[in-house]
Amino acid sequence: MSTNTLTQPKKKTFDVEKVRKDFPILSQLVRGKKPLVYLDNANTTQKPKCVINTLVRYYREYNSNVHRASHYLGSKADHAYEKGRHKVQNFLKARHFEEIIFVRNATEGINLVAQTWGRRNVDKGDEILVSAMEHHANIVPWQMLCEERGATLKVIPMSDSGELDLEAYEKLLTPQTRLVGLVHMSNALGTVNPIKEMIATAHKQGIPVLIDGAQSAYHMSIDVQELDCDFFVFSGHKLYGPTGIGILYGKRELLEVMPPWMGGGDMILTVSFDKTTYNDLPFKFEAGTPHIEGVIGLGAAIDYLNGLGMENIAKHEAELMAYGTEALAQVPDLKMIGTAKHKASVFSFMLGEIHPQDVGTILDMEGIAVRTGQHCAHPVMQHFGISATVRASLACYNTRAEIDALVQGLHKAHRFMG
Ligand code: 7TS
């Protein structure tokens with residue numbers, strides 16, 4: 001054997017059965033009968049043992065407040081908490097650790113930008129541009145801002161396959177446009193938008209771009225420097241981490257000049273009744289006791305994903321997507337909503353005239369968890385002239401056998417109700 005072979009780095013392999021063993025919740029029988037088939041991942045993902053154990057260890061061994069307790073437990077908690085920030089920084093490939101702001105979820109991240117950056121930079125007659133496939137979290141905060149400031153919300157149209165009209169996008173960028181808010185991957189359609197190109201187009205006119213990465217961050221690797229986005233948000237609970245923790249990434253030069261949002265402890269340097277001076281980044285935006293175990297647990301989730309490799313996850317899910325797209329096409333009367341060329345990990349569909357909620361109930365009887373409804377994307381439903389869809393969404397632990405179970409469940413629903 002040559003020494004060269006010995007020094008070759010070991011290539012990571014992806015073994016889905018091994019991955020499944022990391023998720024205790026997956027091995028249960030639904031109502032004691034049917035194996036759980038969890039296909040509601042766009043809603044929230046399940047948690048690996050390492051995340052659960054990290055949360056338990058925090059409470060058993062070093063629970064303490066952060067940035068203020070100068071004792072043994074406090075310094076342990078401080079260390080683990082700030083290590084979590086560095087893990088997020090590396091995960092997003094951000095240049096500076098202070099560009100990572102802890103918030104509750106993606107929704108809060110967008111609201112923070114709308115309420116701070118927005119109030120400073122948006123005035124009467126200005127425009128905010130979002131796309132036709134946004135989640136409500138990237139519509140309503142901008143609508144609220146526009147109403148307050150006398151600005152207008154404009155919308156990039158999409159085609160019936162669920163792809164954004166890039167020509168229309170260019171035309172909608174005007175000297176009045178103050179910010180573009182774009183979903184990276186649609187939760188209702190699965191479309192993956194060409195955000196890198198779209199960001200570059202906006203930047204040609206000096207317009208900043210906020211990316212809603214709630215759906216993309218757990219399916220593909222993200223590089224905020226390469227994308228050159230100005231803001232990027234995601235939620236920990238979709239990234240195999242705990243609920244209640246989310247991330248706002250912002251370019252340092254933008255965050256530095258933004259006023260704080262919430263006032264209170266930790267976000268200040270000095271306070272008197274005459275004047276308060278604010279803390280440096282990132283603490284300026286983190287008032288009050290933060291979600292300490294959320295940050296530490298999210299760090300454990302990021303370690304876990306790095307161990308699997310985001311490229312391996314993306315490849316595994318792409319294979320499942322191809323398999324599922326073909327298998328679902330065989331189900332009579334199934335109409336896929338969202339057929340974009342670049343699409344990931346979401347099957348959103350109608351089954352003939354059967355109400356999506358009825359389909360969901362029948363699938364649930366088979367132990368299959370999907371989401372039915374409007375997926376917090378009313379404008380998407382309005383575009384397609386429908387009231388709801390059935391949505392099956394994938395994560396790293398899903399298998400072909402689970403897609404087969406979904407297909408069988410849909411055949412059953414079609415026989416019962418069709
Ligand atoms: N943006 C997108 C694209 C989303 O899919 C979601 C949540 C959010 C923002 C908001 O995330 P949160 O963690 O702040 O609530 N989407 C979904 C979904 O598709 N099903 O349940 C929640």
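Me: Which residue in S9 does leucine 210 stand opposite?

Reply: Leucine 210 faces phenylalanine 231 of S9. Strands of a sheet pair through backbone hydrogen bonds, either parallel or antiparallel. Two strands count as paired if DSSP finds at least two bridges between them, and strands (E, at least two residues) and helices (H or I, at least four) are DSSP runs numbered from the N terminus. Here S8 and S9 pair in the parallel sense over three bridges. This is a predicted model, where local features need pLDDT of at least 70 and side-chain atom pairs count only at pLDDT 80 or more, while totals for chains, interfaces and linings use all residues. Residues are numbered from 1 along each chain as its sequence is written, and side-chain values use heavy atoms, with hydrogens and water left out.

Me: In what sense do S9 and S10 pair?

Reply: Strand S9 (residues 231-235) and strand S10 (residues 246-250) are antiparallel, over five bridges. Among the bridge partners in S10, leucine 248 goes with valine 233 and tyrosine 249 with phenylalanine 232.

Me: What is the strand order of the open sheet?

Reply: The order of its seven strands is S4-S10-S9-S8-S7-S5-S6, with mixed pairing. Strand S4 (100-103) and strand S6 (152-156) stand at the edges with a single partner strand each, so one side of each has no neighbour in the sheet. On average, neighbouring strands are turned by 20 degrees against each other, direction ignored. Axes are lines fitted to C-alpha atoms, for helices over the stretch in contact, and angles run from 0 to 180 degrees between N-to-C directions.

Me: Which strands does helix H4 lie across?

Reply: Helix H4 (residues 72-92) lies across S4, S9 and S10, and runs at about 115 degrees to S4. Contact means heavy atoms within 4.5 Å. Helix H9 (residues 195-204) lies across S6, strand S7 (177-183) and strand S8 (209-212), at about 160 degrees to S8.

Me: Is S9 buried or exposed?

Reply: Buried means under 20% relative accessible area, exposed over 50%, and partly exposed in between (1.4 Å probe, protein chains only). Five of the five residues of S9 are buried, so the strand is largely enclosed by the rest of the structure. Phe231, Val233 and Ser235 cover one side, with Phe232 and Phe234 on the other.

Me: Where is asparagine 398 found?

Reply: Asparagine 398 sits in the loop between strand S17 (389-393) and helix H16 (400-417), and is buried, with a relative accessible area of 1%. Its side chain makes a polar contact with the side chain of asparagine 41 (3.1 Å).

Note on methods: A polar contact is a pair of N or O atoms within 3.5 Å; within protein, one must be able to donate a hydrogen and the other to accept it, and residues adjacent in sequence count only if both atoms are side-chain atoms.
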